[in-house]
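Subject: Structure for your files, with notes

Hello,

Here is the structure I said I would pass on. My notes follow below it.

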Amino acid sequence: MSDVIIELKGLSKNFGDQQVLKGIDLNIHENEFLTLLGPSGCGKTTTLRIIAGFEEPSAGEVLFDGVDISKVPPYKREVNTVFQKYSLFPFMNVYDNVAFGLKIKKMDKNLIEHKVMKTLKLVGLEGFEKRDVTKLSGGQQQRVAIARALVNEPKILLLDEPLGALDAKLRKEMQVELKKIQQEVGITFIFVTHDQEEALSMSDTVVVMHEGIIQQVGTPEDIYNEPENRFVASFIGESNIIEATMIKDCLVAFDDYEFECVDKGFKNNEAVEVVIRPEDIDIVKPKNAKLRGKVKSIIFKGVHHEIVVGTKHRDYLIHTTDYYEPGLDVGLTFGPDDIHVMYRMDWETGGAE
Amino acid sequence: MKHYVKMVWPYVIWAALIVVLPLLLIILYSVTKSGNELVNIQFTLENFKRMTEPVYMAVFVKSFELGILSVVICLILGYLLAYFIAGFQEKVQNLLILLVTIPMWINTLLRTYAWISLLSDNGLINSFLEMIGLQPLNMMYTDFAVLIGLVSDLLPFMVIPIHTSLCKIDQSLIEASMDLGANRFQTFWRVTFKLSIPGVLNGVIMTFLLSISTFVIPKLLGGGQYTLIGNLIENQFISIGDWNFGSAISVILAIIILVSITLMKRIDKDEIEEE
Ligand SMILES: Nc1ncnc2c1ncn2[C@@H]1O[C@H](COP(=O)(O)OP(=O)(O)OP(=O)(O)O)[C@@H](O)[C@H]1O
Ligand SMILES: [Mg+2]
């Protein structure tokens, strides 16, 4: 990957006696689309606000190109933000909103016009210059907010749940468009969302956060296929998460049986957790499988069926395109690489061991 | 809903009785000759013509000068005070606003007498000046005294609307401005002040209205010969007894106020649409 542009080092933040960030270490690279993903209140916005300069960290450093900027005021940072509520200036039209940052820099009028028009074109708002921003639709306001930030040619664009207020269809469209814009302008995007699907589909890197601690950093594939702990596994889509024991490398035991797997590096007989994605489980005849049970329910979900199979120890969730009658006796199989072994999570501190 | 509409009627009648009726009477007085009886009304524009006489015009000019000056001073002081108050946490803000409004609970007359005891030739300020060996100042019965009285009287009416509109400003707009490279000073002029204009206009209208029609303060702090529009009207009604001329002045004053308010509302709109 390219050069590191922002480095968060041991970042902590307290509000009163509540510790909101508990030691965040993160490297963010040039041209990277990085997403902070986590449930409400996990500290995503706070992290973003520290990078933007609206909050000062209680401890730790924010290095920008290797220089600590944690005391630099927001207006001196080469970072721009797309706010969650857009926060457009209501008394200015689209053009003046977008031109705001350039006017502050006392740029030449013609140059301002050139840049504003170019950016409006980039976000698909040609011909909207004179419009009143308060009379635009949510999606259009969103684009103005993006243009207003991008026109300043920041090295980093911060986006705090920018699609949160849009309806599902528009949201999908904007996801594609944002990704396209990022590739076109070639700068770093730090994107905040609590929608895992959004995070997986848009990002180069996903950072999963929980209670002020980073749980895992990786590509969307890593995060989905190799979750490091139960929190990540359950937050990234529906899963079967099973307490298990690692007998030795490549052999894990749960539900009375031993299964071959591909994970190594755990202690022998270490208590672990195993995640099996619902689409990785196959339903077969009972005599062909170790795990057996009865179909408890089946729901059609559009593309696949969501099936719950009750076995002796637990219910398994399975996604398949086939139909199985409730009450049917079935067997469940999965391959060694469908089993993902994770460290067992210490729920007391909310962190991974 | 229909039900409730009926219940509004008593209030409408009440309002008509105490507001509209006197207003109509004043208008009637202003366009009739004195000594009229209801059965035999004689219309005239004489009362309005009289106002163009230099003595009266001078009073109008003086009133406007003083009114505008006190509004400007109130605006500067009031904005600073409101901005300062808006910087505190909510609880402290409420307390400070309470402090600002306390003078409003005290009768204007009493407050004005308090100023007299401070400003008069042997008042507190002069006693103090004498004590430290300086020349006493002549402050009573000057523009300065009237201005101080007016400004202190009107300040809360400026502070409260401005403070209200400052509090309503979405903090994220301030952050957006700083995010886009504007420092605190630039952010204030380009965002905060713009968003507080409705409050400023309300404050300006309110204080202008009050200052242009005041009569207690100029009478007590400006002395007997100090005449503003308010005193003129008061004199016509109370000492001279020419209700018709008094009414005409009141009508003109009301029209001037209405026109100023309309103009200012228009500025408000233009200000916001411009840029
Ligand atoms: N200015 C503040 N004062 C006090 N507490 C705060 C402040 N800002 C944030 N918090 C608290 O910090 C925690 C993390 O907040 P943050 O806004 O970073 O969460 P988030 O991950 O962005 O959540 P969401 O998805 O709901 O936006 C929350 O418990 C919040 O109440
Ligand atoms: Mg947030």
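A:Arg171 counts as buried, at 17% relative accessibility, because the cut-off for buried is under 20%. This is a predicted model, so please read what follows with that in mind. The side chain of A:Arg171 forms a salt bridge with that of A:Glu198, at 2.8 Å from N to O. A:Arg171 sits in helix H5 (residues 168–185) of chain A and A:Glu198 in helix H6 (residues 196–202) of chain A, so this pair ties together parts 27 residues apart in sequence. A:Glu198 is also buried, with a relative accessibility of 1%.

A second salt bridge involves A:Lys172 and A:Glu197, at 3.7 Å from N to O. A:Lys172 belongs to helix H5 of chain A and A:Glu197 to helix H6 of chain A, so here the parts tied together are 25 residues apart in sequence. A:Lys172 is partly exposed at 47% relative accessibility, and A:Glu197 is partly exposed at 48%. As background, side chains of opposite charge can pair when their charged atoms come close.

In chain B, the side chains of B:Asp242 and B:Arg50 meet in a salt bridge of 3.0 Å, N to O. This pair links distant parts of the chain, 192 residues apart. B:Asp242 is in the loop between helix H11 (229–240) and helix H12 (243–273) of chain B, while B:Arg50 is in helix H2 (residues 46–50) of chain B. B:Asp242 counts as buried at 17% relative accessibility, whereas B:Arg50 is partly exposed at 26%.

There is also a network of salt bridges that links A:Lys13, A:Arg49, A:Glu55 and B:Glu175. Over all chains, a search of the whole structure finds 27 salt bridges.

Next, the domains of chain A. The assignment gives domain 1 (4–225) and domain 2 (238–346). Their centres, taken over C-alpha atoms, are 39 Å apart. Contact between them involves 5 residues of domain 1 of chain A and 4 residues of domain 2 of chain A. Together the two domains of chain A bury about 340 Å², with 39% of that area on carbon and sulfur atoms. On the domain 1 side, A:Gln215, A:Tyr224 and A:Asn225 lose the most area to domain 2 of chain A, together 89% of what that side buries.

What holds for polar pairs across this interface? The rule finds 3 residue pairs in polar contact between domain 1 and domain 2 of chain A, both residues at pLDDT 80 or more. Helix H7 (residues 220–225) of chain A gives the most to the domain 1 side that touches domain 2, with 3 residues. By class, that side of domain 1 of chain A has 2 nonpolar, 3 polar and no charged residues. The count of salt bridges between domain 1 and domain 2 of chain A is 0.

B:Leu118 is in helix H5 (residues 108–119) of chain B. B:Leu118 is partly exposed, with a relative accessible area of 29%. Leaving out residues up to four places away in sequence, B:Leu118 touches B:Gly123, B:Leu124 and B:Ile125. The C-alpha atoms of B:Leu118 and B:Glu90 are separated by 34 Å, and these residues are 28 apart along the chain.

Regards

How values were computed:
Residues are numbered from 1 along each chain as its sequence is written. Chains are lettered from A and ligands numbered from 1 in the order in which they are written. This is a predicted model: local features need pLDDT of at least 70, side-chain atom pairs count only at pLDDT 80 or more; totals for chains, interfaces and linings use all residues. Side-chain values use heavy atoms; hydrogens and water are left out. Helices (H or I, at least four residues) and strands (E, at least two) are DSSP runs, numbered from the N terminus. Buried means under 20% relative accessible area, exposed over 50%, partly exposed in between (1.4 Å probe, protein chains only). Contact means heavy atoms within 4.5 Å. Domain bounds come from an automatic or database domain assignment. Buried area is the accessible area (1.4 Å probe) that two parts lose on being put together, summed over both. A salt bridge is a side-chain nitrogen of Lys or Arg within 4 Å of a carboxyl oxygen of Asp or Glu. A polar contact is a pair of N or O atoms within 3.5 Å; within protein, one must be able to donate a hydrogen and the other to accept it, and residues adjacent in sequence count only if both atoms are side-chain atoms. Ala, Val, Leu, Ile, Met, Phe, Trp, Tyr, Cys and Pro count as nonpolar, Asp, Glu, Lys and Arg as charged, and the others, Gly among them, as polar.
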